[in-house]
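Hello,

Here is the structure for you to look through. My notes follow below it.

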There are 2 protein chains.
Amino acid sequence: MPIANTIREALSSSSMIRKMFEEGNQLKKQYGNDKVFDFSIGNPDIEPPPAFHEVLCRLATEDKKGSHGYMPNAGYADVRTALAEKAGREHGVSLDATHLIMAVGAAGGLNVVLKAILNPGDEALVSRPYFMEYKAYTSNHGGCLVEVDALPDFSLDIPALVAALSPKTAAVLINSPHNPTGRVYPAADIARLADALRKHGAACGRYPYLVADEPYREIAYNIEVPPVLCAYDESIVVNSYSKSLSLPGERIGYIVVSPTASDKDALINALIYATRVLGFVNAPALMQRIVAELTHARVDVAVYERRRDAFKQALDAAGIAYSEPEGAFYLFCKVPDSAPFYGNDRAFVDALKQQLILGVPGSSFGKPGWVRFAYCVDEKLIHASAPAFKKVMTSGL
Amino acid sequence: MPIANTIREALSSSSMIRKMFEEGNQLKKQYGNDKVFDFSIGNPDIEPPPAFHEVLCRLATEDKKGSHGYMPNAGYADVRTALAEKAGREHGVSLDATHLIMAVGAAGGLNVVLKAILNPGDEALVSRPYFMEYKAYTSNHGGCLVEVDALPDFSLDIPALVAALSPKTAAVLINSPHNPTGRVYPAADIARLADALRKHGAACGRYPYLVADEPYREIAYNIEVPPVLCAYDESIVVNSYSKSLSLPGERIGYIVVSPTASDKDALINALIYATRVLGFVNAPALMQRIVAELTHARVDVAVYERRRDAFKQALDAAGIAYSEPEGAFYLFCKVPDSAPFYGNDRAFVDALKQQLILGVPGSSFGKPGWVRFAYCVDEKLIHASAPAFKKVMTSGL
């Protein structure tokens with residue numbers, strides 16, 4: 001009747017983000033929804049675009065025979081064709097259905113990728129701070145996540161990444177636009193990283209996969225999110241509709257493999273096999289058919305941009321420093337080094353909570369001394385939080 | 001750029017069932033849908049009940065704010081309450097929402113359970129023949145599947161199972177109604193197994209979990225599928241709507257934990273954590289809300305019963321022996337021991353394929369010398385296959 005030891009350990013230090021989610025719900029019950037400044041979780045409050053509702057209603061009404069049955073584990077061929085065309089345009093390569101596998105969200109897709117490529121003891125490199133679930137995803141499949149500090153502006157420290165490469169490196173995992181910092185990695189950095197991986201591969205005989213986790217690709221502010229698949233042969237992109245169509249609860253996304261990957265067929269078969277045996281079996285059928293019709297739809301990014309600007313204003317007014325987000329809907333702010341916080345993110349988060357502001361300590365992303373705010377909430381709430389931020393900064397003095 | 005070694009090995013001997021699925025599609029293209037007797041895959045052809053379409057259309061039209069967003073990883077509380085009530089009635093225990101976790105189908109649920117309970121080197125016992133994916137599910141999480149032959153009538157060989165128990169046994173995995181044999185384990189067998197597990201637990205200090213995989217619970221022919229949760233404290237049930245509502249493509253199911261399990265809270269938290277980090281995150285939102293309204297709906301089991309009888313008739317006429325299915329929609333038939341098959345299931349499957357009959361060799365379930373037919377196909381096709389079965393039995397002589 002015991003549970004697994006690794007799980008027991010993990011539970012004792014489990015996701016601060018989810019903990020905040022539950023705490024936030026408690027506080028809202030106590031004080032009212034509009035009194036709690038809950039910036040803790042990346043649960044988009046923007047509704048899916050109207051086109052989603054139209055397609056959902058139409059497919060629900062038509063509901064053709066067999067439309068909720070099994071399909072090939074990789075997904076419907078026509079859905080994969082539609083999505084591959086779009087992914088090809090985004091990544092500067094020519095893709096067809098065979099390069100794309102439907103996934104149960106990006107989290108499901110990443111687990112499938114890691115299951116497919118990791119041998120016991122293999123390493124995946126990641127730039128720190130990072131979305132902490134990556135650590136569990138990697139260890140799920142016998143691998144080890146190796147953390148390499150980002151540069152002070154949270155862009156990739158490529159020499160440091162290169163120094164961490166070894167024959168055990170199965171993958172370098174990047175995430176742009178980035179959670180928790182909102183950084184978008186420039187094309188030049190992707191190119192330099194790809195160069196380094198090619199050199200490393202040529203030298204040691206093992207080319208690491210470049211795995212790009214891109215759920216925020218569509219959420220970027222007046223900046224192009226550079227392509228990855230055209231930059232490096234051994235690259236894999238994972239994406240989802242959780243953010244671009246605000247469908248995180250529906251668990252729908254996909255994996256795309258570079259058309260020039262070596263041993264490509266084996267890789268794709270491995271991804272399909274992993275999809276099956278990890279118990280995903282396939283991405284949800286109805287949602288597959290819906291997103292295939294929505295390749296040109298996305299949520300209104302201008303709404304997120306206005307919120308980002310409102311958040312910057314609130315933090316500026318309170319005198320809190322932060323890293324300017326170029327995409328995603330997170331703002332990573334620096335905990336004041338002065339009294340009473342002395343750079344302690346947990347202390348700062350506690351003080352914020354006193355003012356009913358919920359954020360997630362940077363420690364939960366491998367970066368103590370910082371706090372993440374998710375601004376996928378009503379702009380009014382952000383404006384309304386400004387006095388509370390000011391109060392936190394003055395009350396402790 | 002290499003893929004994982006275990007995956008490379010698995011791919012070379014990958015699922016015969018899925019292979020037949022693809023081959024079946026090829027043959028259908030070549031000969032026409034109604035000319036191929038495809039009994040290879042358990043993809044229910046019965047449409048979801050009308051109530052499903054009604055609820056789907058209504059929820060699609062209403063589409064309330066936030067209804068496609070994240071919810072707690074375990075699923076919506078009201079959905080879990082509704083399903084817990086039903087599962088409690090089926091299993092003779094009193095359950096509430098806290099005992100039930102929504103899952104991405106039963107395959108997803110089983111992976112979550114095994115992730116939550118297996119330590120490296122732990123064993124899960126299973127009665128052979130069995131659904132072969134169990135092997136991959138177990139090894140995914142560092143465990144080892146130990147196979148124990150069933151009795152000749154495919155019921156549990158309880159003394160043999162007991163003999164295979166060890167301090168490493170984390171779980172005994174049962175599946176009733178059973179794939180591939182259609183056997184329903186009687187209550188007396190569940191009770192004897194529970195007794196044995198209690199004795200083993202008391203003696204060695206570790207009570208194995210009894211994990212019941214029950215996607216076919218609702219598909220049984222004039223026989224009650226006995227409860228499990230009331231029979232043994234350390235029991236866990238996994239179920240899905242893939243068969244009972246014909247929704248296999250939508251990936252919706254659940255896990256229920258015995259209310260008297262020791263260390264229950266830790267187990268439930270472990271299951272929720274595993275749901276999150278394996279990348280399921282949560283079961284698809286819309287389908288959760290739909291199945292909660294369909295606790296009294298199910299597909300028409302009488303249709304499957306008529307098909308079973310038609311299949312028995314076809315095999316009887318051809319002189320092929322089989323095990324009488326009590327539930328599920330599979331018929332496990334014995335390969336003739338005489339010339340030209342000599343009990344060789346692959347040879348028999350090849351001869352069947354010549355007559356455009358597709359079945360899956362028993363080897364794919366750990367039971368050579370037998371073949372599985374899935375009769376989730378139009379009854380007419382079953383009747384039409386009778387001459388082809390006869391031909392197979394006479395042509396080789």
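Which residues have the most contacts inside the largest nonpolar core? Keep in mind that this is a predicted model. The residues are A:V113, A:A116, A:L271, B:V113, B:A116, B:I255 and B:L271. That core has 271 residues. Take B:L271 as an example. Leaving aside residues up to four places away in sequence, B:L271 touches B:I101, B:V112, B:V113, B:A116 and B:I255.

Now the sheet in chain A. It is open, with 7 strands in the order β2-β8-β7-β6-β5-β3-β4. The pairing is mixed. β2 (100-103) and β4 (144-149) of chain A stand at the edges with a single partner strand each, so one side of each has no neighbour in the sheet. From one strand to the next, the twist averages 25 degrees.

Look at one pair in chain A. Strands β6 (209-213) and β7 (235-240) run in the parallel sense over 4 bridges. There, A:V211 stands opposite A:I236.

Two helices of chain A pack on this sheet. Helix α4 (77-91) touches β2, β7 and β8, and its direction makes about 110 degrees with that of β2(A). Helix α6 (133-140) touches β3, β4 and β5, and its direction makes about 145 degrees with that of β4(A).

Last, the domains. Chain A splits into domain 1 (5-49 + 300-395) and domain 2 (66-292). Their centres, taken over C-alpha atoms, are 27 Å apart. Each domain of chain A gives 27 residues to the contact. On the domain 1 side, α11(A) gives the most, with 4 residues. By class, that side has 14 nonpolar, 7 polar and 6 charged residues.

Best wishes

Methods: Residues are numbered from 1 along each chain as its sequence is written. Chains are lettered from A and ligands numbered from 1 in the order in which they are written. This is a predicted model: local features need pLDDT of at least 70, side-chain atom pairs count only at pLDDT 80 or more; totals for chains, interfaces and linings use all residues. Two strands pair if DSSP finds at least two bridges between them. Axes are lines fitted to C-alpha atoms, for helices over the stretch in contact, and angles run from 0 to 180 degrees between N-to-C directions. Two residues are in contact if their C-beta atoms, placed from the backbone, lie within 7 Å. A nonpolar core is a set of buried Ala, Val, Leu, Ile, Met, Phe, Trp, Tyr and Cys residues joined through C-beta atoms within 7 Å. A residue is buried if 20 or more other C-beta atoms lie within 10 Å of its own, exposed if 12 or fewer, and partly exposed in between; C-beta atoms are placed from the backbone. Domain bounds come from an automatic or database domain assignment. Ala, Val, Leu, Ile, Met, Phe, Trp, Tyr, Cys and Pro count as nonpolar, Asp, Glu, Lys and Arg as charged, and the others, Gly among them, as polar.
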